Amino acid sequence: MTTFDDIRDIEAEALPTRFARGWHCLGLERDFADGEPHTVHAFGQKLVVWAASDGTLNVLDAYCRHMGGDLSRGSVVGDAIACPFHAWRWGGDGRCAGIPYARRVPLRARTAAWPTAQQDGMLFVWNDPEGNPPPDDVTVPRIPGATSDEWTDWYWFSTTIEGANCREIVDNVVDMAHFFYVHYSFPTYFKNIFEEHTATQIMHGVAREDVRRPQADSGAPTVLGNTSVATYHGPSFMIDELTYHYSDGDVNSVLVTCHYPVSPDSFVLQYGVVVEKAAHLGDSAPQVAAKMGDFIRIGFEQDVEIWRHKARIDNPLLCEEDGPVYQLRRWYEQFYVDAAEVRPEMTERFEFEIDTTRPNEAWRAEIEANVARRQVAAGERPA
Ligand code: FES
Ligand SMILES: [Fe+2]
């Protein structure tokens with residue numbers, strides 16, 4: 001007989017009220033470079049982003065320290081942002097750069113300027129609830145393909161996810177089984193490595209015969225499988241060296257998946273892909289990047305559909321074939337505590353490879369059954 005003692009309860013503490021310490025990508029530089037102020041809702045605040053004349057992107061708190069006007073609805077004047085309320089000018093360093101109608105600028109007229117970095121076509125801001133600048137050894141690695149003529153430009157996508165905390169997307173790092181059930185892929189190898197401020201997922205996959213791919217009907221090369229080495233550098237920025245194996249050759253790409261929190265229960269999810277212009281692709285590399293990007297978007301929509309309806313859970317009930325969810329969350333915790341509170345177990349090296357024997361047997365059987373069912377439905381095989 002079942003007693004209440006046997007029932008596993010879902011536990012979930014209140015959502016964290018602070019936002020992760022680290023570099024967060026706000027998007028592509030080119031999308032902020034038009035000489036206009038841009039509004040960005042991030043870290044529970046409103047920010048203004050604009051480009052100075054030399055292309056440097058500035059990020060300030062949007063609310064003007066004079067009377068609270070919204071600078072992101074103001075205008076760019078020279079290198080400064082002018083408030084729409086009384087035209088006070090603010091420089092990218094956060095200092096008041098002038099008040100057109102005043103004899104003098106008040107002492108200590110200074111607002112919050114966010115540390116920024118511009119790299120490989122992207123804009124990053126540094127968030128630290130303790131207010132410290134970014135340490136020199138906490139950086140985002142370069143992506144050589146992003147600035148190379150041998151690779152395509154970014155194919156970029158951005159969407160806002162409401163009703164979910166960004167921990168949900170980070171959990172994906174260790175979640176092998178959902179790739180089969182949610183994304184219709186077939187992982188054959190799956191390993192995680194966590195160390196310092198990085199968390200890596202290594203995954204090899206094969207294509208599924210029971211999932212109809214649009215290219216199968218068009219005579220285009222078919223996907224045979226993929227190899228992916230994806231690393232989070234800090235709490236929110238993942239670089240995935242992703243190779244798709246097609247029947248006519250490999251396509252090498254780099255997929256960036258990143259997010260920044262808007263509030264404790266919403267975040268902006270972005271991804272971008274660049275593709276190597278391999279000889280066998282001819283001039284079609286940009287179209288390949290676009291097709292890959294659109295395919296990846298379907299994957300995110302599949303995740304979003306799950307997040308929209310699921311419960312937050314602090315105590316997942318796991319089986320042996322699940323990845324190291326608890327260890328991943330311990331790693332992720334380092335970004336939510338003060339720098340002095342980061343404990344060795346949050347950052348020390350941890351490796352775990354899932355034994356895929358049993359999942360692969362089960363999935364092969366499921367695929368065979370699906371294929372048989374389809375053949376029966378199509379009259380290609382007796383019931
Ligand atoms: S509120 Fe910004 S200038 Fe007055
Ligand atoms: Fe996913």
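Q: How do the residues of the lining of the largest cavity divide into nonpolar, polar and charged?
A: There are six nonpolar, two polar and one charged. Here Ala, Val, Leu, Ile, Met, Phe, Trp, Tyr, Cys and Pro count as nonpolar, Asp, Glu, Lys and Arg as charged, and the others, Gly among them, as polar.

Q: Which residues line the largest cavity?
A: The lining consists of Pro16, Arg18, Phe19, Asn165, Cys166, Pro261, Ser263, Pro264 and Tyr336. A cavity is a set of points on a 1 Å grid over the protein atoms alone where a 1.4 Å probe fits but cannot get out, and lining residues have an atom within 4 Å of a point.

Q: What volume does the largest cavity have?
A: About 50 Å³. Volume means the space filled by probe spheres set on the points, with grid points joined across faces, edges and corners.

Q: How many cavities of 30 Å³ or more does the search find?
A: Two, in a search of the whole structure. The second largest cavity holds about 30 Å³ of space. Its lining is made of Ala20, His24, Cys166, Pro235, Ser236, His259, Pro261, Tyr332 and Tyr336. Six of these residues are nonpolar, three are polar and none is charged.

Q: Before I go on, what kind of model is this, and how is it numbered?
A: This is a predicted model, in which local features need pLDDT of at least 70 and side-chain atom pairs count only at pLDDT 80 or more, while totals for chains, interfaces and linings use all residues; side-chain values use heavy atoms, with hydrogens and water left out. Residues are numbered from 1 along each chain as its sequence is written, and chains are lettered from A and ligands numbered from 1 in the order in which they are written.

Q: Ok, cysteines. How many disulfides are there?
A: Zero in the whole structure, where a disulfide is a pair of cysteine sulfur atoms within 2.5 Å. The sulfur of Cys25 has its closest cysteine sulfur in Cys258, 4.0 Å away, which is too far for a bond. Cys166 is in no disulfide either, and the nearest cysteine sulfur, that of Cys258, is 12 Å away.

Q: Is Cys25 buried or exposed?
A: Cys25 is buried, with a relative accessible area of 0%. Buried means under 20% relative accessible area, exposed over 50%, and partly exposed in between (1.4 Å probe, protein chains only). Cys166 is buried too, at 6%.

Q: Where is Cys25 found?
A: In strand β1, residues 22-28. Strands (E, at least two residues) and helices (H or I, at least four) are DSSP runs, numbered from the N terminus. From Cys25 to Ser236 is 211 residues in sequence, but 7.9 Å in space, C-alpha to C-alpha.

Q: What about the backbone: what is phi of Phe43?
A: Phi of Phe43 is positive, about 55°, although Phe43 is not a glycine. Phe43 lies in the loop between β2 (38-42) and β3 (45-51) and is buried, at 4% relative accessibility.

Q: And Ala87, where is that found?
A: In the loop between β6 (80-82) and β7 (89-90). Phi of Ala87 is also positive, near 70°, and Ala87 is partly exposed at 26% relative accessibility.

Definitions and conventions. 1 Å grid on protein atoms, 1.4 Å probe; cavity = no way out; pocket = protein on both sides within 12 Å on 5 of 7 lines; lining within 4 Å.
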